[in-house]
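Here are some friendly notes to read alongside the model. Keep the viewer open and find each residue as you go.

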Amino acid sequence: MSAPEIIGLVLLGLLAGSYAGAIGAGGGFVIAPLLLWRHGDAPPEAITAASLSVAALLAGAAAALGLRDGRVDRGLVLALGAVAIGGALIGAALTTAAPRQVFALGFAALLLLLAAFLLWRPVFTLLQPGARGWLRMQRDAAGSRFIYRVPLHRALPTAFVVSTVSALAGIGGGILLVPVATGVMRMPHWLAVPTALSVVFLVGVTGAGFQIAAGNADWSSDGPMADALWLGIGVLLSVPVGRWLNRRLGEGRLMRLLALGVIAVAVQTILNEL
């Protein structure tokens, strides 16, 4: 791999991580299409091993900062993580059964659905806490107190489906889990993002770990995992930038810009496979 390629990958990781961190995603929805484009002959499982590794890095770093700020619901992460890990294992296993073109076009269709949803609902407004469900109380490092109820009968199956789809598509799933956390679990947004990213970290580690243990990762000097190394460096550098963007630009504007970017990535993915 040449020096310009390495610099380009680090910068791409920085840009993708900054944006994904700002809106509470793991970045896999950007990394996976990039890897599909760069490695035209790589099988789906090699792509997902690399993209989930990068998503896990970003989600883990962001979740660690959320833990420091006292904005991760640890009990809920344990409950969701139990089903998310199972879903991630199933999704990772299914990638071996999917032909590359089917995988790529299916991923593009998922991106288009996400873009439509984000354009329709660019801001995840805080819903009133439900009258029933698992009562949760959280106090952050600044002393703010949050009280809400999580309907586990809806939250657990939804988390399982999201983690399965995410591991299959090679994305961490933050772009799916954040609206689930606010709309289904009725969590305050400031808790929903770091809590969802903690689950994304578990999904990414599980999915990537499965592919690596199964020998599906491509560790060659010009393979997807080599890209993941340099993208990961850029992603780690992006964490403070993403937090600054989140405070500076506002959720609605970021979500609309994200939707346009997702559409562009989906169209490019389709054109690459046709």
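1. Let us start with a pair of helices. The crossing of α2 and α9 is right-handed. On the α2 side, the contact is made by Ile31, Leu34, Leu35 and Arg38, and on the α9 side by Pro224, Asp227 and Leu231. Sorted by kind, the residues of this contact are five nonpolar and two charged, with no polar ones. Please keep in mind throughout that this is a predicted model.

2. Now for the geometry of that pair. Two packed helices are described by the angle between their axes and the distance between the axes. Helix α2 covers residues 28-38 and helix α9 covers residues 224-249; they pack at about 135°, and their axes are 11 Å apart. An angle over 145 degrees would count as roughly antiparallel, and α2 and α9 are therefore described as oblique to each other.

3. Next, look at the charged side chains in this contact. What do the side chains of aspartate 227 and arginine 38 form where they meet? They form a salt bridge, with an N to O distance of 2.6 Å. Aspartate 227 sits in helix α9 and arginine 38 in helix α2, so the pair links distant parts of the chain, 189 residues apart. Is aspartate 227 buried or exposed? With a relative accessibility of 0%, aspartate 227 counts as buried. Arginine 38, at a relative accessible area of 27%, is partly exposed.

4. Arginine 38 has another partner to find. Arginine 38 also forms a salt bridge with glutamate 5, and here the closest N and O atoms are 3.4 Å apart. Glutamate 5 counts as partly exposed, its relative accessibility being 33%. Taken together, Glu5, Arg38 and Asp227 are linked in a network of salt bridges.

5. How many salt bridges does the structure hold? There are six. One of them joins arginine 68 and aspartate 69, whose side chains meet at 3.3 Å, N to O. Arginine 68 is exposed, with a relative accessible area of 55%, while aspartate 69 is partly exposed at 23%.

6. Let us turn to a loop. Glycine 24 is found in the loop between α1 and α2, and glycine 26 lies in the loop between α1 and α2 as well. Glycine 24 has a relative accessible area of 1% and is buried. Glycine 26 is buried too, with a relative accessible area of 3%.

7. What surrounds these glycines? Leaving aside neighbours within four places in sequence, glycine 24 is in contact with Gly174, Ile175, Val178, Val193 and Leu197. With neighbours within four places again left aside, glycine 26 touches Ala20, Val54, Ala55, Leu58, Gly174, Leu197 and Val200.

8. Sequence and space can be set side by side here. Glycine 24 and threonine 195 are 171 residues apart in sequence, and their C-alpha atoms are 9.9 Å apart in space. For glycine 26 and isoleucine 175, the separation is 149 residues in sequence and 7.5 Å from C-alpha to C-alpha.

9. Several of those names lead us to helix α7. Why is α7 described as largely enclosed by the rest of the structure? Because nine of its ten residues are buried. These buried residues of α7 are Gly174, Ile175, Leu176, Leu177, Val178, Pro179, Val180, Ala181 and Thr182.

10. Finally, look at how α7 packs with α6. The axes of helix α6 (residues 152-169) and helix α7 (residues 174-183) come within 10 Å and cross at roughly 170°. Angles over 145 degrees count as roughly antiparallel, and α6 and α7 are therefore roughly antiparallel to each other. Thr158, Val162 and Ser166 of α6 make the contact with Leu176, Leu177 and Val180 of α7. Of the residues in this contact, four are nonpolar, two are polar and none is charged.

Key
Residues are numbered from 1 along each chain as its sequence is written. This is a predicted model: local features need pLDDT of at least 70, side-chain atom pairs count only at pLDDT 80 or more; totals for chains, interfaces and linings use all residues. Side-chain values use heavy atoms; hydrogens and water are left out. Axes are lines fitted to C-alpha atoms, for helices over the stretch in contact, and angles run from 0 to 180 degrees between N-to-C directions. Helices (H or I, at least four residues) and strands (E, at least two) are DSSP runs, numbered from the N terminus. Angles under 35 degrees count as roughly parallel, over 145 as roughly antiparallel, 65 to 115 as roughly perpendicular and the rest as oblique. A crossing is left-handed if the near helix is turned anticlockwise from the far one by less than a right angle, and right-handed if clockwise. Contact means heavy atoms within 4.5 Å. Ala, Val, Leu, Ile, Met, Phe, Trp, Tyr, Cys and Pro count as nonpolar, Asp, Glu, Lys and Arg as charged, and the others, Gly among them, as polar. A salt bridge is a side-chain nitrogen of Lys or Arg within 4 Å of a carboxyl oxygen of Asp or Glu. Buried means under 20% relative accessible area, exposed over 50%, partly exposed in between (1.4 Å probe, protein chains only).
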